[in-house]
Amino acid sequence: MRRSIIALSITLGVAFSAPMHAEGWQSDVIGVTQSQLSPSYWLAQGASAKVIMAEAQIAAFNEKLIKENKYIVDPLSFQKSLTKDELTSAIHSASSIPKSPRFFTDGRQLTAKDFAKYQANLNLNKVVDNNEVRFAVVVKRTALRTFPTWDRVLNSGLDQDLDRFQESGMFPGEAVAVLHQSADKKWLLVRAYNYLAWTPAEDLAFADADKIKAYREQDNFLVVTGAKVNTAYVPNDETLSEVQLDMGVRLPLVDSEQVPYLLNGQNSYASHVVQLPTRDEQGKLVIKPAMISKTADVNLGYLDYNEQNLIRQGFKFLGERYGWGHDYNGRDCTGFVGEIYKSFGLLMPRNSGQQGSSEYGKNSRFDKNTAADDKLPTVKNMAIGDLIYIPGHVMMYLGEHHGEPYVIHDVKGLGYNKGDGSFYNSALNGVSVTPLLPLRLSQETSYLDRVYNIKRIR
């Protein structure tokens, strides 16, 4: 789909050090020293502070992407109604029965009866000739699911980390078009800016599209630039209290002259005060002021899009647990790069295949017959932040160490050919720094063998 088990190996005659066994630190990841696990190491290699794209250029980039890329939409410009055929097609597109066997976490294989239960909750019999599209705002970090259910479903390998009904995540302040409701009324089929799937109804707040647009497009806004920050604790309002905000979340600020000295019993002078979307008992959008400490990792407006900030943003996720489809309160490889680039206001398709196959940016493409050696000149000319694609995975280029390219990526597996030629197979299962050229999918196939695109977003 969009993530795969990536491996490491010595390849192409490149010499890398054996696993580190320095005093107080051990690692089975070849070619990585402890100093390389700090952004300062890579910043010192010559990362530039020169702005790559200005704010107006980024806005034009996004506008062009929405207009030309089939994977990206403006949810608030979604058509106001759907015909019976259009809505039925959308439901089946989001919730098709997989061709491969699926299994519950206890190992029991899903049967036709199990899928019939999920299909019944799709509520297809409530689709009419003309179906109104509603609009809503996400009020808390939430999931996008294949079917309207929380059941965890695995593939034949029974890997407990990979819930195959988990598609993606959404974050507070994002707008969605709401197309349909499940039979149990607990789920909504939504079109987010880069995905179509089911999300819990309790995590959305409804409003008119014009009201949501006015809320989202205010000029004075705050962007979350840390991996995660939280709003201040509020004793008597859980809709405001310690709400998690992930990297790239954009929230309008309350006008300074409207900020009270005391807010929810706390003095506001040491905090940013944002307009937080919340949901009332009827499911409608209510905007409330919420505080975020001025020491939190946030920025007034988007970050400058430059090489130094690309490195800093990537390292803020270092060590975070890999989460397929934003599972485990984390993210996967495309969520990782997507959230980094959202810090600058740049939008991207959700899945690695959609990103890698799309024409935005400057693309260096290779076909399946291109030899690894023939890709090396392009690899040697990469710029910090370039995105490297193999089927099911994406990495971000960091820079060079002793003339060899390194990447940072959110990755599940670890493996490499040892000095005796045997294949070492383990796991990373998190955001990791690794050398690029040793990456292998198997003892015989290198990562570079499978690279089909290197994308530069300029």
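This is a predicted model: local features need pLDDT of at least 70, side-chain atom pairs count only at pLDDT 80 or more; totals for chains, interfaces and linings use all residues.
Which residues of helix H6 are buried?

The protein has 10 helices and 26 strands. Its radius of gyration is 23 Å, close to the 23 Å that the globule rule gives for 458 residues, so the protein is as compact as a globular protein of that length. Picture a box along the principal axes, roughly 65 × 60 × 40 Å. The C-alpha atoms fill that box. Of the 458 residues, 55% are buried. Now look at contacts with a separation of 6 or more. Residues 24 or more positions apart account for 70% of them.

Back to the opening question. Helix H6 covers residues 307-315. The buried ones are Glu307, Asn309, Leu310, Ile311, Gln313, Gly314 and Phe315. What does the covering? Among the elements over those buried residues are two helices, H1 (39-43) and H7 (333-342). Strands S23 (393-401), S24 (404-417) and S25 (423-435) are also included.

Next, a sheet. Here 3 strands form an open sheet, in the order S15-S12-S20. The pairing is antiparallel. Which strands stand at the edges? They are S15 (250-252) and S20 (298-300). Each has a single partner strand, so one side of each is left without a neighbour in the sheet. From one strand to the next, the twist averages 25°. A quick reminder: strands of a sheet pair through backbone hydrogen bonds, either parallel or antiparallel.

Zoom in on one pair. Strand S12 holds residues 221-224. It is joined to S15 by 3 bridges, and the two run antiparallel. Take Phe221: its bridge partner in S15 is Pro252.

Last stop, Lys375. Find it in helix H9, residues 372-380. Is Lys375 buried or exposed? It is buried, yet it has no salt bridge. The nearest side chain of opposite charge belongs to Asp449, 6.0 Å away. A salt bridge here needs a side-chain nitrogen of Lys or Arg within 4 Å of a carboxyl oxygen of Asp or Glu. What does Lys375 touch, leaving out residues up to four places away in sequence? Phe366 and Thr370 are on the list. Leu448, Asp449, Arg450 and Val451 complete it.

Notes:
Residues are numbered from 1 along each chain as its sequence is written. Side-chain values use heavy atoms; hydrogens and water are left out. Two strands pair if DSSP finds at least two bridges between them. Helices (H or I, at least four residues) and strands (E, at least two) are DSSP runs, numbered from the N terminus. Axes are lines fitted to C-alpha atoms, for helices over the stretch in contact, and angles run from 0 to 180 degrees between N-to-C directions. Buried means under 20% relative accessible area, exposed over 50%, partly exposed in between (1.4 Å probe, protein chains only). Lys and Arg count as positive and Asp and Glu as negative; His and the chain ends are not counted. Contact means heavy atoms within 4.5 Å. The radius of gyration is taken over C-alpha atoms; the globule rule is 2.2 Å times the number of residues to the power 0.38.
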